[in-house]
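Please walk through this structure with me, moving from one chain as a whole to the contact between the chains and then to a single residue.

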Amino acid sequence: MPQLLVASDQFNTQYLCLLVECSEPNDKFLCVPVTPIRLKDFFSALVELREIYENPESDELFYADVVGEITDIQLIPIARESLSDKWMPEPDFYFKKENRHEGIIESRTVYQLSKEQIQDLLDLLKYKPLLEILSKQPGIDVKIA
Amino acid sequence: MTQKTKEGEWAEDLPHNCPPDAAIAPKSETFYRLVKQFPPTEDDFYSHRKLYPRKRFNTNECRIRSLSIFKSLDECAKLLKLPLHKHKKIVQLILPTEGLFYKRGTIRHIIHGGKKQLMTLFLIVRKL
């Protein structure tokens, strides 16, 4: 089972994602955006894994809930203060990428949901029953997501 | 792969063409594996498929029904630094000749024929 994967979003930003929980049916990954230089340093065993998550270049952290095959991933932002140490790698984990079978896999596109988008989705779910009623009224055109 | 293996000989049901042709029989070599407790219990040697019967994985079914073992103690110990494995222990094992294994990167994948035989040979290896 892959412990690490590299994903990229629609802007070609790359994310290093670490498997932190495994259950049925979903896996949880902790993802951090990384520049190509930092990723290269990680693959060359020049920077340790914990450092990448402790000091992210853009001060952003995400988690991803993956069900089934790793294809499209949605990234949910998380606050660093709320990050449990059990999700963090121990110090001194260095990785040297020698070939493509070494345990890193590359995923296809990931999608980021901002906090605002998540709130919009929650709001939409909250009002969905009302929207359903409205959509049945003649003369009212409501599209339900 | 040795052709003497017959259906039903393995600890778990295997898909067609598994073990792969490249799989070889061990020769009493020493390997290392991560387990949840020591002494290990039977479920420490369940495949991912047995642990998660309905889960969809990102790899082939033969690999999902295999167990990961390491020839190098250092490579095995390195995994203890990752969140999913940090509370595990390393055991040393000598593979019985009934199993078959194949190599992928630094990891060997064993498909074994009998857990009880396998489990009598364990030694705990202290975390480095």
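Of the 145 residues that make up chain A in this predicted model, 23% count as buried. The chain holds 3 helices and 6 strands, and, read from the N terminus, these elements follow one another in the order β-β-β-α-α-β-β-β-α. When the contacts in chain A between residues at least 6 apart in sequence are considered, 56% of them join residues that are at least 24 apart.

From there the eye can turn to the place where the chains meet, to which chain A contributes 23 residues and chain B contributes 14 residues. On the side of chain A that touches chain B, the element that gives the most is strand β2, spanning residues 14-22, with 4 residues. By residue type, that side of chain A comprises 13 nonpolar, 4 polar and 6 charged residues.

Is E42(B) buried or exposed? A residue is called exposed if 12 or fewer other C-beta atoms lie within 10 Å of its own, and because E42(B) has 11 C-beta neighbours inside 10 Å, E42(B) counts as exposed.

Definitions and conventions. Residues numbered from 1 in each chain as written. Chains lettered and ligands numbered in written order. Predicted model: local features only at pLDDT ≥ 70, side-chain atom pairs only at ≥ 80, totals over all residues. Buried ≥ 20, exposed ≤ 12 C-beta atoms within 10 Å, placed from the backbone. Helix = DSSP H or I, 4+ residues; strand = E, 2+ residues; numbered from the N terminus. Contact = placed C-beta atoms within 7 Å. Nonpolar A, V, L, I, M, F, W, Y, C, P; charged D, E, K, R; others polar.
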